[in-house]
Every structure is written in C-alpha cells, then in structure tokens.
Amino acid sequence: MTTSSSPSGPASAISTRLRAAREASGLSIELAADRLHCDTRVLSALEAGQFDELGARVFVRGHIRRYADLVGENGLELVDLWSNQSGGEGGQVPDLTRIAQAPRRTDPSRLRNAAIAAGVATLLAVIAWLILSGRLGS
C-alpha cells in the first residue's frame, strides 16, 4: 500500500468534496462505512485521495459513486472527474454483442419427445372423433 501524504489535482478535489460532504451530513467514517457495508479503510482511502489502494478501476468507480451518493454529492460527476484524471477507461470497451457461442447440438430426445406428443395427440383426436360420431360405444 502506498501512503502518499496529500493528493493533488482532481484527486484532491474529489477527496475534499467527499470529506466535506460527509462532515456536513454529520456522519462519522464508521457510520458511513456501516451504511455502505464496507470497511472504514475504503472510505479513509477515498478521503485521502489514495484511489490506487482500492484495487481495480471498477471498484474505485463504484466506491466513489456510492460514497458520493450517500453523502449528498453527485456520484456520476465525481466518477467522471476521477476517470478523466486517471486516464479514461484504460482501453477499448469490449463489444459484448459478438461473443462467440458454441454450436448448438440437436438433442435426439427432444425430437423423440415431440414425435411422441404428436402421436398421442393424433390418437386422442381419433378416439374423440369416433366417440362423437357414434361409431365407438354404440
């Protein structure tokens, strides 16, 4: 873990806004952590601008957004500010519409079940026709 003393630039702006909003709302770090169901170290790192201690970018974005929303700040605005200062998304967004799929195999039992169902339905239709026409049961 790095222990940088004071953040600079946008990190400083984010951490200052989060700390000020928490204090203005009258929450302690412990109470805020309890409401967010996270460890106090996460919130301390956010307020210190030590975002690299929070892990992957997706976790940092989530922590900033949720904490900001809890203390009354605009979570999306702070996430955008952090994303812009930390170099964007770090790569292209994957196109999830082109995920390779395994070829579908024909299930022989599915075809067999359909044939049996069609046969039973035909048999029932013939029996009903015979009963209704009076040829069966008279």
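1. A residue is called buried under 20% relative accessible area, exposed over 50% and partly exposed in between, with a 1.4 Å probe and protein chains only. By that criterion, both Phe51 and Trp82 are buried. The structure is a predicted model, in which local features need pLDDT of at least 70 and side-chain atom pairs count only at pLDDT 80 or more, while totals for chains, interfaces and linings use all residues. Residues are numbered from 1 along each chain as its sequence is written, and side-chain values use heavy atoms, with hydrogens and water left out.

2. Overall composition. The protein has six helices and zero strands; helices (H or I, at least four residues) and strands (E, at least two) are DSSP runs, numbered from the N terminus. Of its 138 residues, 22% count as buried. The accessible surface comes to about 9,800 Å², and 57% of this belongs to carbon and sulfur atoms; the areas come from the Shrake-Rupley method with a 1.4 Å probe, and for residues only the protein chains shown count as cover. Among contacts (heavy atoms within 4.5 Å) with a separation of 6 or more, 56% are between residues 24 or more positions apart.

3. The aromatic pair. A search of the whole structure finds one such pair. The ring centres of Phe51 and Trp82 are 6.4 Å apart and the planes stand at 70°, so the arrangement is edge-to-face. Under the definition, rings of Phe, Tyr and Trp (its six-membered ring) pair if their centres lie within 6.5 Å, with planes under 30 degrees apart stacked, over 60 edge-to-face and the rest tilted. Because Phe51 lies in the loop between α3 and α4 and Trp82 in helix α5, the pair ties together parts 31 residues apart in sequence.

4. The largest nonpolar core. A nonpolar core is a set of buried Ala, Val, Leu, Ile, Met, Phe, Trp, Tyr and Cys residues joined through side-chain atoms within 4.5 Å. The largest one has 24 residues, of which Leu18, Leu43, Leu46, Phe51, Leu54, Ile64 and Tyr67 touch the most other members. At least two residues each come from α1 (10–24), α2 (29–36), α3 (40–48), α4 (57–71) and α5 (75–85). The helix that gives the most is α4, with five residues.

5. Helix α3 and its surroundings. The buried residues of α3 are Val42, Leu43, Ala45, Leu46 and Glu47. Leaving aside residues up to four places away in sequence, Leu43 touches Ile29, Ala32, Ala33, Leu36, Cys38 and Tyr67. After α3 comes Gly49, with a positive phi near 75°.

6. Packing of α3 against α4. The two axes come within 11 Å and cross at roughly 90°, which means that α3 is roughly perpendicular to α4. Axes are lines fitted to C-alpha atoms, for helices over the stretch in contact, with angles from 0 to 180 degrees between N-to-C directions; under 35 degrees is roughly parallel, over 145 roughly antiparallel, 65 to 115 roughly perpendicular and the rest oblique. Val42, Leu43, Leu46 and Glu47 of α3 meet His63, Ile64 and Tyr67 of α4 in this contact.

7. Two residues of α1. Arg22 lies in helix α1 and is buried, at 9% relative accessible area. Its contacts, not counting residues up to four places away in sequence, are Leu27, Ser28, Ile29, Ala32, Glu47, Tyr67 and Val71. Ala24, also placed in helix α1, counts as exposed at 72% relative accessibility. Ala24 and Val71 are 47 residues apart in sequence and 8.3 Å apart in space, C-alpha to C-alpha.
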